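The structure is shown first.

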Amino acid sequence: MLQRESGVYKTSYAADMALFPLPIARWTMAAIVLLFAVVLPLSLHEYYLSIINLALIAVVGALGLNMLVGYTGQISVGHAAFMSVGAYTAANLAVKFDLPFWITLPAGGLMAALIGAIVGIPSLRIKGLYLAIATLAAQLIIEWVINHTPAISGGAQASIQVPRPTLWGHELKTQGQLYFFLLFFAALAILAALNLARSRIGRAFVAIRDQDIAAEIIGIDIYRYKLLSFAISSFYAGVCGVLYTYYLGIANYEQFQIGVSIDYLAMIIIGGLGSVLGSVLGAAFVTMLPIVIRLVMEPLAGLFFSAGELSSVVASTRLVVFGALIISFLVVEPEGLNRLWRNIRNYFRVWPFSY
Amino acid sequence: MSKLKLWLGAAAAVALLALPGGNPSAQEKELVFGLHCDRTGATQTVGVFLCPGYHDYISLVNSKGGVEGYKIRVVEIDNEYKVPPAMEAHERFKMEGAVLTGLYGTPQTAALTKKLEEDKVLGTSPGFGTAAAADGRRFPYLFPIAASYWSQAAGSVAFVKKELGGNLNGKKIAYLYYDNPAGKEPLVIFEDLAKSEGFELRTFAVPAPGIEMGAQVLDITGRFKPDFVITHLFGRSPSVSIKELKGKGYPLSKVISFVWGASEADVKAAGGFELANGYNTIQFAGVGTDFPVIKDINEMFAAQGKAAPSQQEISVFYNRGVVIAALHVEAARNAVKAKGGARPTPEEVKRGMESIKGFTLGGLVPPMELTPEDHEGGGWVQVWTVKDGKLTKNGDWFQAYREVIRKHLAAETK
């Protein structure tokens with residue numbers, strides 16, 4: 001990520017495929033792990049940890065959606081519904097059967113993967129906008145089914161209170177404790193996505209995205225890999241929904257409506273399609289930037305407006321600034337934050353001798 | 001690459017600006033209230049009127065010297081009717097040392113219920129969240145402080161009974177509702193009352209986004225032909241329901257709406273007060289500007305050389321903001337008094353909220369009585385009817401079928 005190599009000296013495939021090709025990459029990774037696992041939780045106030053927590057959950061969902069949209073080139077506007085499938089599966093297992101999170105979490109993911117694969121079946125015949133409408137239908141159908149099936153939704157309120165996750169008898173409930181819980185799964189999700197993208201499966205996804213007929217001709221089973229892509233992507237979404245459930249202590253389908261699907265699409269488009277780092281940056285950007293803008297604007301606007309007017313001014317201006325920033329980032333670099341980061345890196349690679 | 005430098009510079013500038021954007025530490029004689037609001041999201045048509053009402057009342061209290069000598073500082077966060085920003089807002093309020101918080105939105109209320117309990121900070125949820133939250137033993141830190149959907153259902157049936165001559169036996173009532181958890185919640189109460197009062201109940205669900213209900217209304221007016229229609233709709237759909245019922249020739253004086261279809265904005269969007277003449281609405285706060293406290297607010301602004309707030313135009317929502325603020329202030333006042341003037345903790349403010357009684361603010365607030373068991377305050381409602389170009393009071397505050405509500409609350413707790 002940060003390395004400045006002086007040439008290519010690789011002599012084996014293993015070296016070429018390594019996740020960390022240079023010692024400096026390993027050191028950078030160690031520094032990042034140290035930062036997130038030790039420095040941040042010890043130095044930040046709970047409030048700032050809570051913001052990072054929200055971003056960590058979003059990272060898992062964005063990675064999943066990017067696997068489908070960015071790598072495989074299929075579109076889904078129903079990802080929020082897959083999240084609710086995961087959330088309700090885990091909530092029901094946790095409440096009715098008293099199961100711990102290390103069972104409910106993969107179970108929620110698997111159930112979402114199953115439903116996702118079924119929803120993905122139309123992708124075998126249709127593409128693009130048509131597929132978008134098919135997945136939109138899935139979003140609405142899943143919402144309706146949850147809303148009208150008390151056995152799933154737990155009653156008229158369609159919300160199920162879930163106990164906090166416990167680890168060796170300790171309840172994880174403060175933002176600091178939940179931070180480590182979420183960090184672990186977000187890190188796992190990133191690692192899995194990085195490796196998946198470099199594997200046979202990931203390569204097949206990219207081949208389908210670039211030209212599905214060509215992919216079929218070189219021997220890729222398109223049906224299998226398209227459905228696999230939907231399943232993997234929905235698995236991530238389901239896990240994201242389970243994490244939300246444990247983080248909030250409640251599963252509620254109103255938290256996973258169509259607007260959330262659009263938010264996640266925005267994350268991966270801003271971050272960069274078909275890139276793991278882009279998903280992470282996009283999720284962090286969309287989750288944190290509105291908050292940062294507000295923290296900047298509050299003291300500034302406080303100079304001009306009274307306390308009562310302040311909140312109205314900040315609330316509306318914040319949206320304008322947020323929208324303007326998204327547009328300008330995309331104008332500067334249509335391929336997203338990931339590409340922007342690569343440009344910056346390439347610029348500094350030969351700095352200060354830039355020619 | 002100069003463009004890139006520009007961006008790096010801009011990013012650095014933003015980072016620098018954000019750093020001192022920390023928060024002033026709580027002052028000695030200051031109490032912090034946290035307020036969730038939605039000014040830019042799905043329910044912004046409510047928030048832009050309700051939240052200014054809240055702020056204006058707090059300014060009024062501060063201009064008169066505050067609560068027992070404590071100035072109030074409100075930290076408001078716009079959650080856009082989304083859940084993650086509501087979680088962030090809660091943590092922010094906690095960091096700022098808020099003694100109480102005002103929730104906004106049903107999914108947000110659900111998402112924060114557990115957190116409020118763990119952090120021991122109370123949250124008020126008037127018109128949001130589950131009816132079961134009235135039970136203070138089950139939800140110790142959640143305060144609906146207004147009639148729940150169950151109480152509104154009971155209140156509307158009692159009103160219908162009065163309008164139909166005191167006997168519902170053999171009458172037909174249609175319930176037209178938004179097809180979401182909030183819309184379905186009162187069904188259990190209606191079904192129970194239909195049995196005990198002997199009326200025939202039929203329900204008509206309107207799917208989201210609720211702006212297309214021609215089929216349901218035709219079914220009501222053409223086939224079912226009820227004696228009364230009770231509606232429970234949100235957003236744009238109440239105005240559509242007024243228009244459709246009127247268009248099919250159903251008398252609006254035989255229609256009563258729950259609290260989120262009850263504002264001047266709904267009537268105006270439907271075509272004005274003239275058209276909606278007779279439309280009945282259930283309220284958990286007084287309507288109009290004819291209250292001493294609203295006059296005090298306008299005098300305060302006049303003394304500053306400002307006009308009366310334009311948000312008072314939609315007084316239904318504005319006054320709800322005033323009521324929420326007033327109950328927050330009363331809770332804080334009770335807590336400060338109980339401590340002999342010392343700074344109260346959130347826990348003590350919660351006890352202050354649970355001892356509110358006989359506080360009516362000149363008729364704006366219902367005569368509620370909050371106790372550790374009852375966080376709803378008795379489920380008081382008032383009916384206001386469109387008449388002579390405005391909403392006019394139709395009877396005093398009342399509560400109805402409390403034993404039925406209590407039975408269902410007890411069943412929920414099990």
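## Backbone features and interface

B:Glu80 is found in the loop between β2 and α3 (83–96) of chain B; helices (H or I, at least four residues) and strands (E, at least two) are DSSP runs, numbered from the N terminus. This is a predicted model, in which local features need pLDDT of at least 70, side-chain atom pairs count only at pLDDT 80 or more, and totals for chains, interfaces and linings use all residues. Residues are numbered from 1 along each chain as its sequence is written, chains are lettered from A in the order in which they are written, and side-chain values use heavy atoms, with hydrogens and water left out.

Most residues other than glycine have a negative phi, and most peptide bonds are trans.

| Residue | Phi | Relative accessible area |
|---|---|---|
| B:Glu68 | about 50° | 37%, partly exposed |
| B:Glu80 | near 55° | 16%, buried |

B:Glu68 belongs to the loop between α2 (44–63) and β2 (71–78) of chain B. A cis peptide bond, with omega about 0°, links B:Ala208 to B:Pro209.

Chain B gives 42 residues to the contact and chain A gives 52, where contact means heavy atoms within 4.5 Å. Seven salt bridges are found across this interface, a salt bridge being a side-chain nitrogen of Lys or Arg within 4 Å of a carboxyl oxygen of Asp or Glu. One of them joins B:Glu88 and A:Arg294 (2.7 Å, N to O).

Terms used: Buried < 20%, exposed > 50% of the residue type's maximum accessible area, 1.4 Å probe, protein only.
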